[in-house]
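Have the structure open as you read.

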Amino acid sequence: MSIMFSGVGVSRGIAIGTVHRLQRHDIEVGEISLNSQDIPAEIERFNTAVDTARTQLHNIVDNIPLTLNVEIGAFIEAHLMMLDDDILAEGTARIIKERQCNAEWALKLQMERIGQVFDAMEDEYLATRKNDISHVIQRIMRALQNIGPPEHDHDPQVWEGKIVVADDLTPADTIVMQHHGVAGFATESGGPLSHTAILARSLDIPAVVGLHEARRYIRDGEPIVVDGNIGLVLVDPHYEAVEYFNSKRNRYLRKRRELVKIKDAPAQTLCGTRISLQANIETEADVAALRKVNAEGVGLYRTEYLYMRHTDVYPSEQEHYDSYIKLVRALKGAPLTIRTVDIGGDKEIQHTQAGTVAHNPALGVRGVRLCINEPAIFLPQLRAILRASAKGPIQILLPMLTNVEEVMQIKRLLENTKSDLRNDGHKFDENIQMGGMIEVPATAIAAQQFVRHLDFLSIGTNDLIQYTLAIDRVDDQVNYLYDPLHPAVLMLIGNIIKAGDKQNIPVSMCGEMAGDSRYTRLLLALGLRSFSMPANALLEVKSVINNSSLGKLDTHARKISKCDNPLKQIALLDKLNTGIESIAH
Ligand code: PEP
Ligand code: MG
């Protein structure tokens, strides 16, 4: 039977394939009361799950290479013995019978009982076996919920060509997915501005998020359609539906191919104003996509992936340098804007020397705050950026600026680093340009103070909208409040652009709003002349620019900025966009 889910489409395109389920967090279970006649079938279901777990463990043992440590085999054998232990199997079956409840709940209760026994043990070695028990129980729990074995979560080979359905994904997962040819993904949580969603767009993987509880109804290996254009997921589709989505996908791909015709044309309005279009990148590999659309350069290189690649150390100066040099060479003279590390908030890494976990990471030590607090993370990057600047045009972009003193502190660090490099005999661009992300409302309001100390500004609408509207960008419960047209957001954007114009310094926008062609005309009317976005959005934005006349935009744009009714705003935006056809429909 087909089931349709509606979520938030965060990365366009349509993927048709089979489900590969992933489980990132512990499975949450609730109690379900059963009728007495259903109890034997429930116990049978539990026993089948135990058998599945047993088969999985035997498969692992069978596939351990002979050269590998015998301890691994012994470790798995221990798990197999736990599976066969009466305390687990019979204990759980007894709870199902006595409480007349579902197997998952009974297993959870039994796990708590066993946990208490382990906690009471004085022997330290035995106490550590509690972890093993919980691994075994998670394995059975996954089997009960039709989720593949945990080892598949770590084996990207099995992801190829699949549509990943997960509770949640980390940004690192998303990058690995693309390298292993995942066709699309659908997650229960997440919002359009989460880093995972941004990555999906930049990697060109169709994706839908915010599908609450969807995995309850979706099984491994089932056929599935993900339509990232409209946020729809269809499981076990009827063949007519598959045909419909196939032709929709072909139409979408055809329109995208047509856009390639304007790849070499300048981005220029009908009235002759040149607009700069650059690309956002996440990894060195993204340069290939940037070349396909002839972007003028990199307006935002998010360097967090260099940090995510590690699980226990920070990248060395050489690692940073190698990445930047690779990019400088690939860009052949086009500018590279390197954003200094912006770990924290939604861009978690597995370790941080900051030690404590922030209560509210989005408002905690992230971006430039972390760089100032922990020079050990930041200085190798700064040295590498400067050294690479001897080889090609590079500029520095500082994330999360809140006050001018932060700019001053970074400038002092920059001067000290330059002096160290001179002493070490390294060359670098003495006049390297340093710009700031304007993504905190305070900075946007006081933009006229910042422009006196920076060489350029880049508007980060993802965070600017998050902080202005007080909506956590990764919390899907507040997705509905995400609104780039909110008068406060438009006022702040206008203020930043004016501050830059007044001081005669360039203002660009690198937040997701810059790559959404629905807002291109509005942003032009607000005075924006430089955009940076995921490469795959660039040609659509260019086609809007090349079909727009600046003089005609002002009146509508002013009306949109002043309007306090969201529905009317959308109607006004549609009017402003007259004559533009979205490629997604
Ligand atoms: C932004 O906040 O708009 C931005 C471009 O940075 P990030 O999404 O990486 O926080
Ligand atoms: Mg940001």
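## The second largest cavity

The second largest cavity is lined by P192, L193, I471, D472, R473, N479 and Y482. On a 1 Å grid over the protein atoms alone, a cavity is a set of points where a 1.4 Å probe fits but cannot get out, and lining residues have an atom within 4 Å of a point. Its volume, the space filled by probe spheres set on the points, is about 50 Å³. By class, this lining holds 4 nonpolar, 1 polar and 2 charged residues; Asp, Glu, Lys and Arg count as charged, Ala, Val, Leu, Ile, Met, Phe, Trp, Tyr, Cys and Pro as nonpolar, and the others, Gly among them, as polar.

## About the model

This is a predicted model, where local features need pLDDT of at least 70 and side-chain atom pairs count only at pLDDT 80 or more, while totals for chains, interfaces and linings use all residues. Residues are numbered from 1 along each chain as its sequence is written, and side-chain values use heavy atoms, leaving out hydrogens and water.

## The largest cavity

Searching the whole structure gives 5 cavities of 30 Å³ or more, and the largest has about 80 Å³ of space. Its lining has 14 residues, with R302, R339, M437, E439 and N462 the closest to the centre. That lining divides into 8 charged, 3 polar and 3 nonpolar residues.

## A covered helix

In helix α21 (residues 538-545), 7 of the 8 residues are buried, meaning under 20% relative accessible area with a 1.4 Å probe, protein chains only. They are L538, L539, E540, V541, K542, V544 and I545. Helices here are DSSP runs (H or I, at least four residues), numbered from the N terminus.

Notes:
Chains lettered and ligands numbered in written order. 1 Å grid on protein atoms, 1.4 Å probe; cavity = no way out; pocket = protein on both sides within 12 Å on 5 of 7 lines; lining within 4 Å. Buried < 20%, exposed > 50% of the residue type's maximum accessible area, 1.4 Å probe, protein only. Helix = DSSP H or I, 4+ residues; strand = E, 2+ residues; numbered from the N terminus.
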